[in-house]
Amino acid sequence: MDENILHYPTVALDEENGALVILDQTRLPGEVRLLRLTETEEVRDAIYRLQVRGAPAIGVAAGFGLYLAAKRIRAETPDAFLEALRRAKEFLNAARPTAVNLSWALERMERAALEKRDGPVSAIRERLRRECVAIYDEDVRMCRRIGEYGLALLHDGDGILTHCNAGQLATSRYGTALAPIHLGRERGMQFRVFADETRPLLQGARLTAFELMADGVDTTLICDNMVSQVMQNGWIQAVLVGCDRVAANGDACNKIGTSGVAILARHYGIPFYVLGPTSTVDMRLASGAEIPIEQRPAEEVTEMWYRERMAPRGVKVYNPAFDVTDHRLIAGIVTEYGVARPPYTQSLADIFRRKEAGEAF
Ligand code: MRU
């Protein structure tokens with residue numbers, strides 16, 4: 001089996017066999033294994049267990065998952081079909097609460113289905129197929145554009161710090177925060193990337209380091225508590241991170257630990273950029289205080305990855321999966337429509353006006 005993970009799709013639709021195909025991220029870097037999921041329960045479980053993860057990839061997987069569910073619905077009338085579809089949508093939507101791409105993709109699928117409510121069930125299914133494929137294709141294009149805009153912020157040879165994994169493994173292709181680095185590689189540029197290991201689930205160590213090394217990038221892994229030291233050494237010229245949900249004022253929710261990195265970057269005068277598609281921006285929320293933060297099981301902190309338990313039994317554990325970075329710490333939010341700059345209430349609203357007017361990106 002080819003061990004270069006960049007040659008595998010993070011998420012794909014196997015139409016012929018009625019399956020969602022994902023690269024099982026809980027096995028990386030030890031084992032490169034593709035999973036074929038056919039049941040809606042399996043798709044939801046894979047999202048919850050982080051076998052497929054990262055905001056854009058979760059959205060794409062949910063779109064494909066809902067289409068596969070639609071193929072299995074046995075209903076005679078459009079109304080009965082749409083009711084069963086709504087139930088499948090709600091079921092998938094409950095998998096994880098923070099990344100808005102999940103509900104964004106599912107709502108988009110439902111809207112597409114409703115367009116065809118006056119026709120036969122077969123036409124609704126076909127409309128759903130086209131929509132989930134469109135969500136995937138757009139994700140690839142959005143990530144590439146984000147990469148282009150992000151690359152323009154960097155210089156050859158820069159030291160870059162990133163947190164969690166916002167790379168190809170978190171999207172359909174290229175990634176968001178890592179897209180400029182992959183595109184830079186295509187053009188012969190070299191960056192020195194420092195990847196935070198990202199406790200407790202180690203997305204930085206297991207995924208980002210693996211993904212960047214597969215692309216030949218100069219990669220150094222550090223523990224989360226080494227960020228200040230590395231910045232103090234003068235090794236970092238920019239911080240690039242992804243996002244799970246951005247509020248209308250620019251507050252950006254991302255993997256737990258991101259806000260601490262932003263505070264350190266401000267201290268050392270290093271620009272801190274958030275990269276993400278507009279599908280991750282939730283203009284319905286005025287600020288980050290309204291973003292639901294997923295709480296994960298205590299075992300992720302006390303036991304997972306250790307040969308033996310590393311905390312006393314019964315200890316209280318606080319394990320939020322995400323935190324919110326204050327918009328005042330963010331130098332720019334890089335979207336497929338360009339780089340939004342402060343004040344974000346204005347710049348993000350401008351981007352959404354262009355998007356809603358149908359402007360191409
Ligand atoms: O819990 P995860 O691994 O799904 O968290 C992922 C992140 O926080 C990413 O930075 C974010 O989803 C952006 S992915 C392009």
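This is a predicted model: local features need pLDDT of at least 70, side-chain atom pairs count only at pLDDT 80 or more; totals for chains, interfaces and linings use all residues.
**The ligand site and the sheet beside it**

Let me start with the ligand: helix α2 (55-72) and strand β9 (252-255) each supply at least two residues of the shell around the ligand, where helices (H or I, at least four residues) and strands (E, at least two) are DSSP runs numbered from the N terminus. Residues are numbered from 1 along each chain as its sequence is written, and side-chain values use heavy atoms, with hydrogens and water left out.

There are 18 residues around the ligand, and R53, A55, R96, N254 and K255 come nearest; a residue is near a molecule if one of its heavy atoms lies within 4 Å of it. The shell divides into eight nonpolar, six polar and four charged residues, with Ala, Val, Leu, Ile, Met, Phe, Trp, Tyr, Cys and Pro counted as nonpolar, Asp, Glu, Lys and Arg as charged, and the others, Gly among them, as polar.

Which polar atoms face the oxygen atoms of the ligand? An N or O atom in the side chain of R53 is 2.5 Å from a ligand oxygen, a polar side-chain atom of R96 lies 2.8 Å from an oxygen atom of the ligand, and a polar backbone atom of G54 is 3.1 Å from a ligand oxygen; a polar contact here is a pair of N or O atoms within 3.5 Å. Taken alone the ligand exposes 410 Å², and the protein buries 100% of that, with accessible areas from the Shrake-Rupley method and a 1.4 Å probe.

The space taken by the ligand is the largest cavity, a cavity being a set of points, on a 1 Å grid over the protein atoms alone, where a 1.4 Å probe fits but cannot get out. A molecule sits in a cavity if more than half of its atoms lie within 2 Å of its grid points.

Now to the sheet that contains β9. Four strands form an open sheet in the order β11-β8-β9-β12, with mixed pairing, and two strands pair if DSSP finds at least two bridges between them. β11 (281-282) and β12 stand at the edges, each with a single partner strand, so one side of each is left without a neighbour in the sheet.

β9 pairs in the antiparallel sense with β8 (residues 245-247) over two bridges, and R245 stands opposite C253 in β9. These strands, β8 and β9, form a hairpin with four residues between them, and G250 in the turn has a positive phi of about 95°. With β12 (residues 322-325), β9 also pairs in the antiparallel sense, over four bridges; A252 has T325 as its bridge partner in β12, and N254 has D323.

Finally, some backbone details. The peptide bond from L28 to P29 is cis, with omega near 5°, and P29 is found in the loop between β2 (19-23) and β3 (34-37). The bond from R199 to P200 is also cis, with omega near 0°, and P200 is found in the loop between β5 (192-196) and α7 (203-214).

Terms used: A polar contact is a pair of N or O atoms within 3.5 Å; within protein, one must be able to donate a hydrogen and the other to accept it, and residues adjacent in sequence count only if both atoms are side-chain atoms. On a 1 Å grid over the protein atoms alone, a cavity is a set of points where a 1.4 Å probe fits but cannot get out, and a pocket is an open set with protein on both sides within 12 Å along at least five of seven lines; lining residues have an atom within 4 Å of a point.
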